[in-house]
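Have it open beside you and go through them point by point.

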Amino acid sequence: MGSRRFRLTFITVLVGIILIAVCGLIIVASWSERSHTSTASGNGPGPSSDGASDAPYRSSLATRGAVPTRSITVLDTLPWPQDAFTEGLDRLPQGQSLVSTGRYGSSEVYFLDDDGHRAHVQHLLRKYFGEGIAATPTSVWQLTWKSGHAIRRDRQSLVETDSAHYEGEGWGLCYDGHNLVMSDGSSRLTRRDPDTFQEHSSLSVTLDGRPVGNINELDCAHDRIVANVWHSDELIVIDPASGRVTSVIDASELTPAREATGENVLNGVASDPEDPAVLYLTGKLWPYMYRVRVDGLGS
Ligand SMILES: [Ca+2]
């Protein structure tokens, strides 16, 4: 009996130790993954500045309510530097793209012709992770992810001319003809003076009354805001007066297979300066940028 009781006790203790070890491994693995996402990949889960639930946006037909979905038609497939961890895209009137890329130690800004030729490449200091970018009539502003540091650049040479400080994270940036509009990963957008970068108003983005968090790259030409949502294959079209999402653009057909890190997501949106129904779309580490016509947009 004594020997049997000893064996039972031994087995019970052994099973207990194994269970504790497995639980420990799961906790460590979970922590490690979260840490990697927030420190190395860029555009990690952002702050919830309005206190509302900013869980990652996972759109599905069931959650859109009355908001219509717009389809796209690809008009052109253009070369894109596949080493570009795309964080900012703007489109210039002379038919060029303005590009900002992220990751510490390899963040850059440059002009890109539609044949894939880069010009005026500027490298960011290793301590900065490049984010959204926007051209104004007189300069270019570029965000950094967690440094609270906006870089002002010469409109022609892209050489740094000035800088400004902001609170919170920097994600997306666009220029609406009067103000810069900036995202920080939450559902809140801020409007900023294009000369001083100072915030002077803000906007909360909602879809069917719920805040839409993780708002990333932006475009705000043609009296609307079009936004990437981090890790979504869809873009949202926002009424700049109310913050309400008025439609969703399904760009899932463009998305390549996920790479190992899962970070090669759709990110980079710019309107055609002349045609409000035409967008330029690309992603992080994508080989192409697409010129697409969006069904019903701008009509
Ligand atoms: Ca943009």
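1. Contact here means that the C-beta atoms of two residues, placed from the backbone, lie within 7 Å. Bear in mind that this is a predicted model, where local features need pLDDT of at least 70, side-chain atom pairs count only at pLDDT 80 or more, and totals for chains, interfaces and linings use all residues. Residues are numbered from 1 along each chain as its sequence is written.

2. On secondary structure, the protein chain has 1 helix and 23 strands. Both are DSSP runs numbered from the N terminus: H or I over at least four residues for helices, E over at least two for strands. As for burial, 39% of the 299 residues of the protein chain count as buried. Buried means 20 or more other C-beta atoms within 10 Å of the residue's own, exposed means 12 or fewer, and partly exposed is in between, with C-beta atoms placed from the backbone.

3. Now take a look at Leu173, in strand β11 (residues 173-175). Leu173 counts as buried because it has 26 C-beta neighbours inside 10 Å. Leaving out residues up to four places away in sequence, Leu173 touches Gly88, Gly132, Ile133, Ala134, Trp141, Leu143, Leu180, Met182 and Leu218. Leu89 is 84 residues from Leu173 in sequence, yet their C-alpha atoms are 9.0 Å apart.

4. Which residues touch the most other members of the largest nonpolar core? Leu173 is one of them, along with Val181, Ala227, Ile236, Val245, Leu279 and Leu281, in a core of 60 residues. A nonpolar core is a set of buried Ala, Val, Leu, Ile, Met, Phe, Trp, Tyr and Cys residues joined through C-beta atoms within 7 Å. Val181 touches Cys174, Asp176, Leu189, Arg191, Leu218, Cys220 and Ile225, again not counting residues up to four places away in sequence. As background, nonpolar side chains tend to be buried together in soluble globular proteins.

5. Next, β5. Strand β5 (residues 108-112) is mostly covered, with 4 of its 5 residues buried. Strand β4 (residues 96-101) runs antiparallel to β5 and is joined to it by 4 bridges, and Val99 has Tyr110 in β5 as its bridge partner. Two strands count as paired if DSSP finds at least two bridges between them. β5 is also joined by 4 bridges to strand β6 (residues 118-123), again antiparallel; here Phe111 has Ala119 in β6 as its bridge partner.

6. The β4 and β5 hairpin has 6 residues between the strands, and Arg103 in the turn has a positive phi of about 85°. In the β5 and β6 hairpin, with 5 residues between the strands, Gly116 takes a positive phi near 95°.

7. Further along, strand β8 (residues 139-144) pairs with strand β9 (residues 149-154) in the antiparallel sense over 4 bridges. Trp141 has Arg152 in β9 as its bridge partner; Trp141 is also among the residues that Leu173 touches. This hairpin has 4 residues between the strands, and Gly148 has a positive phi near 60°.

8. β9 also pairs with strand β10 (residues 160-165), antiparallel over 5 bridges, with Arg153 opposite Glu160 in β10.

9. β17 and β18 pair in the antiparallel sense over 3 bridges, and Asp219 stands opposite Val226 in β18.

10. Last, His231, which sits in the loop between β18 (225-229) and β19 (234-238). His231 is not a glycine, although its phi is positive, about 65°. With 17 other C-beta atoms within 10 Å, His231 is partly exposed.
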